[in-house]
Amino acid sequence: MSDTSLRAWLLADAPASRAQARAAAWYAGWLKLRGNTLAMAGLVVLVLLILAALLAPLLATQDPFVQDLGARLKPPGWEGHIFGTDSLGRDIWSRIVYGARISLYIVALVALVAPLLGLIIGTVAGYMGGIIDVALMRFTDIFLAFPRLILALAFVAALGAGIENAVLAISLTAWPPYARIARAETLTIRNSDFIHAIKLQGAGPLRIITRHVWPLCISSLVIRVTLDMAGIILTAAGLGFLGLGAQPPSPEWGAMVSEGRKYILDYWWVATIPGLAIFTISLAFNLLGDGLRDVLDPKEAGQ
Amino acid sequence: MTSLLDVENLRVTFPTRSGSFEAVRGISFSLGRERLGIVGESGSGKSMTGRAILKLIRKPGIVTADRMQMGGTDLLTASEREMRRIRGRHASMIMQDPKFSLNPVMTVGSQITEALLTHEKLSRAEARKRAVAMLDAVAIRDPERVMSLYPHEVSGGMGQRIMIAMMLIPNPEILIADEPTSALDVSVQLQVLEIMDKLVTDRGMGLIFISHDLNLVSNFCDRILIMYAGRIVEVCQAGKLHEAKHPYTIGLLNSVPDLEHPRPRLDALQRDPAWREAPSVSALT
Amino acid sequence: MADLSQTPGGQRRLPVPRWLKKTAGTVLTVAVTLLGLLFVTFMIGRVMPIDPVLAVIGERATQAQYNEVFRELGLDKPLIAQFAIYVNDVLHGDFGTSIRTGQQVSEDIARVFPATLELATLGTLIGVFIGVPLGVLAAVFRGRWIDQLARLVGLVGYSMPIFWLGLVGLLIFYGILGWVAGPGRLGVFYQGLVPTRTGLLLVDSLIAGDWTVFKDAFSHIILPASLLGYFSLAYISRMTRSFMLEQLNSEYITTARVKGLSEWTVIWRHAFRNIRIQLITVIALAYANLLEGSVLTEIIFAWPGIGQYITTSLLANDMNSVLGGTVVIGTIFVALNIFSDLLYRFFDPRAK
């Protein structure tokens with residue numbers, strides 16, 4: 001029965017407290033999202049992906065690094081290899097499962113680093129105004145003018161190949177849109193009365209930006225990051241495919257496609273299955289992102 | 001008086017997530033060669049009525065009626081193709097704000113001639129000549145030059161006169177004017193109304209004048225329908241407005257200051273929920 | 001009175017300055033952006049773990065030789081002076097020598113660029129001719145099957161790793177069905193048959209009137225171009241749809257319907273005309289993205305374009321080539337952005 005009363009509390013027309021109002025808004029958003037079948041499908045896939053990454057040792061049927069040259073390039077279903085084996089006889093299913101960890105790791109890191117960079121630059125530009133604003137925004141525009149993948153390539157070339165450098169390179173190319181969003185939010189916040197009040201109490205710029213402006217910018221950045229996740233996955237996989245991301249023998253999906261490329265005409269599964277994994281995950285992110293945008297930003301919504 | 005338009009039991013319904021919403025709830029009226037005013041507050045269904053006559057209610061809205069007859073045509077059964085022949089040629093509509101109702105990337109001239117060429121077989125030169133003459137008729141100076149301007153290059157009052165020219169050039173019998181002056185500066189409102197009024201009277205057209213401004217309507221119309229919550233609550237001859245009986249109409253009249261009879265305090269409209277449920281008054285003649 | 005103040009006649013009092021100011025502003029923006037672009041590539045070149053001197057003289061040179069080249073390359077000067085030298089070189093079309101090919105990077109790029117241009121142009125054409133009508137139809141028949149189809153096409157396009165789709169395409173259309181030619185630009189037997197004029201094989205073979213070469217070149221390009229076309233189609237149709245929806249909800253569309261115009265005229269003459277300029281911006285952006293997107297596609301299809309050039313150089317630690325290619329593509333990006341910006345200024349009556 002407490003279940004129904006919680007629901008009633010969440011759906012109350014006149015919330016009694018601020019916490020209740022906030023919880024009710026979240027709940028209403030969740031109900032709307034739940035009504036969107038495709039978005040829920042995306043969410044389910046992503047939950048499964050996270051579970052797969054967490055439980056990789058349990059799900060994997062073999063050690064993803066163990067080679068068996070006697071069992072090279074065997075088709076899916078061959079002797080317990082669900083997805084077959086690759087050119088070194090490694091079990092593709094197990095590699096896919098472990099690869100989920102790498103993909104999540106990259107996405108999580110980029111989703112932290114890039115918005116943070118953008119947040120710092122955008123809020124400083126927006127709050128300081130004047131020459132600092134002009135300079136920082138010009139700087140942002142220069143990065144926006146760059147083709148992203150090529151810039152990421154150049155960064156990786158300079159920093160050296162590897163997962164961490166790939167993350168850094170993608171973050172360095174991905175921050176400008178976040179800076180723009182953060183600046184736009186800051187400009188509207190900057191002149192509000194509560195900021196003036198805090199100033200009168202003697203708060204300095206650093207305190208105002210970090211304690212009062214940042215928290216208000218977070219929500220719009222989160223929406224944008226969710227929408228960008230699929231793009232991050234694809235860029236990371238592209239770098240991996242070019243041999244500039246995770247290095248062998250690590251089971252990164254893009255690198256796996258690259259390894260299977262030579263055999264595509266005769267042993268299709270070696271390259272096709274990791275590619276399908278990339279596609280599925282980025283599709284799931286896109287579906288969820290679309291659904292979230294419908295909930296959080298009705299103006300932009302498709303309907 | 002011959003009737004140009006007869007509408008019986010018109011309803012406009014929009015399905016929503018929580019049941020359906022009726023914007024117009026069963027109204028009946030007819031229009032002769034007269035000036036008919038429809039007055040009501042926002043959401044009273046007056047604009048929906050105007051658009052329903054031309055069957056321009058956007059999906060998912062649904063228009064139903066027992067009868068909707070324009071001249072010899074039954075609008076209810078008319079196909080989209082027949083409706084296109086009626087729109088512009090037999091009945092036209094002027095909308096609120098010329099800033100939005102004129103196509104921003106087409107010249108004034110091409111928009112006016114287009115209205116003409118849709119319904120009449122004419123050479124371009126002939127159409128242009130007629131358009132210039134029409135612009136002249138709505139008191140636009142230097143019409144040749146205005147023909148080549150874009151809508152953002154003209155003022156609001158001029159834009160609305162262009163709109164009138166555009167809608168009257170195929171010689172329709174019925175003109176629906178939906179708040180034609182609400183977006184204009186007060187200084188040009190009267191001028192635009194007078195031009196419209198003159199053209200409508202000279203051509204012997206029927207005018208449906210939709211507005212929220214009861215006094216304005218009473219000055220320019222012969223007969224007035226008062227709408228409230230999708231229904232007609234009262235029908236009045238313009239000259240006999242002081243005889244109005246419905247409390248809503250009286251409330252509307254009293255909510256406007258009057259120089260002749262100043263009152264210390266203007267009345268705020270008190271709405272009675274019973275008005276919503278009262279049956280619609282018929283305005284058929 | 002108010003009628004006159006907004007006409008062009010009213011503006012004639014200050015005709016040149018405003019125009020000049022805008023142009024000067026644009027030129028300044030472009031200059032700063034390009035300079036910034038060069039600065040970023042310059043800095044990337046500086047933080048490289050590769051010693052540029054050793055790259056020139058090899059491991060076994062003497063210290064004296066090393067010092068001489070060190071000075072020759074200007075590495076003893078302050079960073080800002082080095083940057084000035086770099087900018088000056090680039091402005092003269094000098095990106096240095098490629099360690100991998102031993103040739104001037106600018107010559108290398110001039111040689112490989114037409115291949116990329118041909119691929120990206122055909123891809124964009126495919127994207128525009130399918131994407132624009134699809135987007136318009138999706139907006140007009142909103143919520144119906146064609147709208148769902150456009151949405152699906154877009155979602156899949158946004159989620160598909162391009163290199164993987166290329167591989168699967170090769171597997172199906174080349175490996176299994178045999179409908180198209182395999183990797184490369186031209187079959188071995190057709191190499192060098194037509195003189196190079198534009199560097200675009202389809203155009204060159206047409207000029208030479210050699211149909212067999214044209215057919216072979218077409219059979220090679222159609223698959224990669226269609227794949228790239230699919231990606232720009234996803235983007236173009238989505239943007240077209242949202243632009244059209246915005247227009248179809250405006251009042252002037254109701255006006256057009258009140259006039260008695262046919263739905264076709266309402267859609268194309270009225271609504272579509274209002275999105276044309278926005279659309280050109282989108283297409284310019286899609287084109288720029290394809291120039292970049294061709295990096296991965298070129299690898300898959302062994303297409304000898306700038307993407308492959310950059311990647312191969314990168315794996316060979318040939319930094320001059322990588323940075324040269326980056327600067328060229330970055331400059332094209334900026335140019336396309338400016339181009340679409342100028343289109344707005346000159347063709348939208350509202351912007352004048």
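1. A word on terms before we start: the domain bounds quoted here come from an automatic or database domain assignment. With that in hand, chain C splits into domain 1, residues 2–91, and domain 2, residues 105–351. Keep in mind throughout that this is a predicted model.

2. How far apart do the C-alpha centres of domain 1 and domain 2 of chain C lie? They are 29 Å apart. Where the two touch, domain 1 of chain C puts in twelve residues and domain 2 of chain C puts in nine. On the domain 1 side, helix H3 of chain C (residues 15–47) gives the most, with nine residues. That side of domain 1 is made up of eight nonpolar and four polar residues, with no charged ones.

3. Now chain C as a whole. Its secondary structure is 15 helices and zero strands. The C-alpha trace of chain C spans about 85 × 65 × 40 Å along its principal axes. Out of 352 residues in chain C, 43% count as buried. As for the contacts in chain C with a separation of 6 or more, 71% of them come from residues 24 or more positions apart.

4. Is the crossing of H7(C) and H11(C) right-handed or left-handed? It's right-handed. Sorted by class, the contact between these two helices has 21 nonpolar, ten polar and three charged residues.

5. On to how the chains meet. Two pairs of chains are in contact, and chains A and C share the most contacts. Chains A and B, on the other hand, have no contact joining them; their closest C-alpha atoms lie 13 Å apart.

6. Let's look at the A–C contact in detail. Chain A brings 37 residues to it and chain C brings 39. Which helices of chain A each supply at least two residues of the side that touches chain C? They are H6 (130–145), H7 (148–159), H10 (205–241) and H12 (269–296). H12(A) gives the most to that side, with nine residues. By class, the side of chain A that touches chain C has 27 nonpolar residues, seven polar and three charged.

Notes: Residues numbered from 1 in each chain as written. Chains lettered and ligands numbered in written order. Predicted model: local features only at pLDDT ≥ 70, side-chain atom pairs only at ≥ 80, totals over all residues. Contact = placed C-beta atoms within 7 Å. Helix = DSSP H or I, 4+ residues; strand = E, 2+ residues; numbered from the N terminus. Nonpolar A, V, L, I, M, F, W, Y, C, P; charged D, E, K, R; others polar. Left-handed = near helix turned anticlockwise from the far one by under 90°. Buried ≥ 20, exposed ≤ 12 C-beta atoms within 10 Å, placed from the backbone.
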